[in-house]
Amino acid sequence: MTPFPVASARPSRVEAPQAPKLHIRDVRLEYGARTGRTVVAIEGISLDVPDKEFAVVVGPSGCGKSSLLYLVAGLADPTAGEILLSGQPVSGPGPDRGMVFQSYTLFPWLTVRENVEFGLKRRKVPPAEREDVVNRYLNDVGLAAFHDAYPKQLSGGMMQRVAIARALANDPQILLMDEPFGALDSQTRGSMQKLLLKVWERDHKTVLFVTHDIDEAILLGDRVYVMTARPGRLKEQVAVSIPRPRTLDMVMDPGFIAVKRRILDLLRHEIRDDED
Amino acid sequence: MAARRSLLQRCLTPKTEVPRALGVTVSSLVWLALIGVWAGLTYGGVMSEIFLPTPGAVVEAFARLVGDGSLALHVTASVEVVLIGFIISSLLAVPLGLLMGTFHIVQYALEPLVNFIRYLPVTSFVPLFILWIGIGIEERVTVIFFGTFFQQLVMIADISRGVSKDLLNASYTLGASRRDAVLHVLAPAAIPGVLDTLRVTMGWAWTYLVVAELVAASSGLGYISMKAMRGFQVDVIFLAIAVIGVLGLLTDQLFRLVRLRMAPWAQ
């Protein structure tokens, strides 16, 4: 143990750049190698997500952005390349990489409370602590009053809020979000974005978020990665320096529009390339 | 806006609700019509009583067999056989079917064989079973088992195959092991479908019971039908059929209740 933990911790943060929370290097993903008709879904993707960053991946549909998330989650294995979380190679799924899916994945036989509790139970967290954690995250997503409801009694937006609480309850190192608001109507999507901004700007949990909605990407993200059409490669990364706290009406700000124009431009070239 | 649809229009529009009172009336009328035609044919003398008993004769047969206690005896015998056969079959088919739909290796191992056996008519095995097992309760249980097990297996495997992979993936990202995923995601997700399968196959178990009892039995509802045929007691045959129908209806309702209790989230 160092006798001066405070003194030793401080300079290290300033001197050396911190190791990234998530490190993806030269990742390639092929499908159908067995059938002979190989499809390259992802080609040579490298990106680093620093701790406490909200990183967003946008790209045309079918570009492999969801596949990238599945690789980080450990639900699929890359054909080549490496993925490190806090310096440890990812092998298989785990609660340190919580995920919110585009489809509704609440367990319909469990109540809202039991859904949020699911990961805690698997990890053998004692009941008293489980109760605290569940209450805290249900409060965060504004669903404390619905703890005994079954998923079928909830709207789509509410179900996704529970899914977010369920992933956060495990206190993952990184939160993976695969177009979580893609199936919601635009009003609900707006309120979900507001909620996510509120929770994120308080806790600064490291996030890797995938969407095809450019407004959403800019509104939420610190950095936006633009992907090419299949095979998916990273075309460019765009830093979003719009100050926080952010609000939904910032989509009208000149700064926002400048970033949006740049991303649209990148994507437009992408679509034109694809048509040649 | 168009004017409110008339009752007739609602009745003729696909998948449109009709008032409950109307529905109940129509159901009752169909029953009344059926019994009315039956009464007309028999009391009116159109059909000879040797082939078609009067409703009154069936009620009398019911009273007679209840009175001498033989109906209770035969019903108990039949229910016993159906339950034993059905329970043994279900206890094996549910876990095995879930495994078959979940693990591709189990599917490869079992599916071709099961599909082969599934298409063999159970009735063609009855002589063989009698030869091997005799005409005791074991033979009837075997017929029921053979008739339901392979069907259950295939249907339950389909249900487990239908459980969304996203649910399993979600559980993995929450820290579930593969064992957790099977026990805490796949199994509960399959419960409503499994109960539906059991409800449907229970009806088949009753069918095979009668097949078994017609050929080799000394008690049971199939047996009294067979005996009644030899003595031209058509009223008893009708009674046996009606009792089986009522028992089937009761087990069906029982399964509905069990499903309501075990999977209230899926209603």
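Residues are numbered from 1 along each chain as its sequence is written, and chains are lettered from A in the order in which they are written. In this predicted model, local features need pLDDT of at least 70 and side-chain atom pairs count only at pLDDT 80 or more, whereas totals for chains, interfaces and linings use all residues.

**View 1. The contact between chain A and chain B.** Chain A contributes 22 residues to the contact and chain B contributes 16 residues; two residues are in contact if their C-beta atoms, placed from the backbone, lie within 7 Å. On the side of chain A that touches chain B, strand 6 (97-100) and helix 3 (112-122) of chain A each supply at least two residues. Helices (H or I, at least four residues) and strands (E, at least two) are DSSP runs, numbered from the N terminus. Sorted by class, this side of chain A has eleven nonpolar, six polar and five charged residues. Here Ala, Val, Leu, Ile, Met, Phe, Trp, Tyr, Cys and Pro count as nonpolar, Asp, Glu, Lys and Arg as charged, and the others, Gly among them, as polar.

**View 2. The six-stranded sheet of chain A.** This open sheet of chain A has the strand order 6-7-8-3-9-10, with mixed pairing; two strands pair if DSSP finds at least two bridges between them. Strand 6 and strand 10 (234-239) of chain A are at the edges, each with a single partner strand, so one side of each has no neighbour in the sheet. On average, and with direction ignored, neighbouring strands of this sheet are turned by 20° against each other.

**View 3. The hairpin of strands 9 and 10 in chain A.** Strand 9 (residues 223-227) and strand 10 of chain A run antiparallel and are joined by five bridges. The two strands form a hairpin, with six residues between them. Within this pair, A:Met227 stands opposite A:Leu234 of strand 10.

**View 4. The four-stranded sheet of chain A.** Four strands of chain A form an open sheet in the order 2-1-4-5, and their pairing is antiparallel. The edges are taken by strand 2 (39-49) and strand 5 (88-89) of chain A; each has a single partner strand, so one side of each is left without a neighbour in the sheet. Two bridges pair strand 4 (residues 80-85) of chain A with strand 5 of chain A in the antiparallel sense. In strand 5 of chain A, A:Pro89 is the residue opposite A:Leu84.

**View 5. Backbone details of chain A.** A:Asp26, in strand 1 (residues 22-31) of chain A, has a positive phi of about 50° although it is not a glycine. A:Asp26 counts as exposed, because 12 C-beta neighbours lie inside 10 Å. A residue is buried if 20 or more other C-beta atoms lie within 10 Å of its own, exposed if 12 or fewer, and partly exposed in between, with C-beta atoms placed from the backbone. A:Lys52 is also not a glycine and has a positive phi of about 65°; A:Lys52 is found in the loop between strand 2 and strand 3 (54-58) of chain A. With 14 C-beta neighbours inside 10 Å, A:Lys52 is partly exposed. A cis peptide bond, with omega about 0°, joins A:Arg244 and A:Pro245. A:Pro245 belongs to the loop between strand 10 and helix 8 (254-275) of chain A.

**View 6. The crossing of helices 7 and 9 in chain B.** Helix 7 (residues 137-161) and helix 9 (residues 178-215) of chain B have axes that come within 8 Å and cross at roughly 155°. Axes are lines fitted to C-alpha atoms, for helices over the stretch in contact, and angles run from 0 to 180 degrees between N-to-C directions. The two helices of chain B are therefore roughly antiparallel to each other (angles over 145 degrees count as roughly antiparallel, under 35 as roughly parallel, 65 to 115 as roughly perpendicular and the rest as oblique). Their crossing is right-handed, the near helix being turned clockwise from the far one by less than a right angle. The contact of helix 7 with helix 9 of chain B has 14 nonpolar, eight polar and three charged residues.

**View 7. Two buried residues of chain B.** B:Thr201 lies in helix 9 of chain B and is buried, with 20 other C-beta atoms within 10 Å. Not counting residues up to four places away in sequence, B:Thr201 touches B:Thr148, B:Gln151 and B:Gln152. B:Val75, in helix 4 (residues 70-102) of chain B, is buried, with 20 other C-beta atoms within 10 Å. Its contacts, not counting residues up to four places away in sequence, are B:Leu221 and B:Val243. The C-alpha atoms of B:Val75 and B:Gly220 are separated by 6.0 Å, and these residues are 145 residues apart along the chain.
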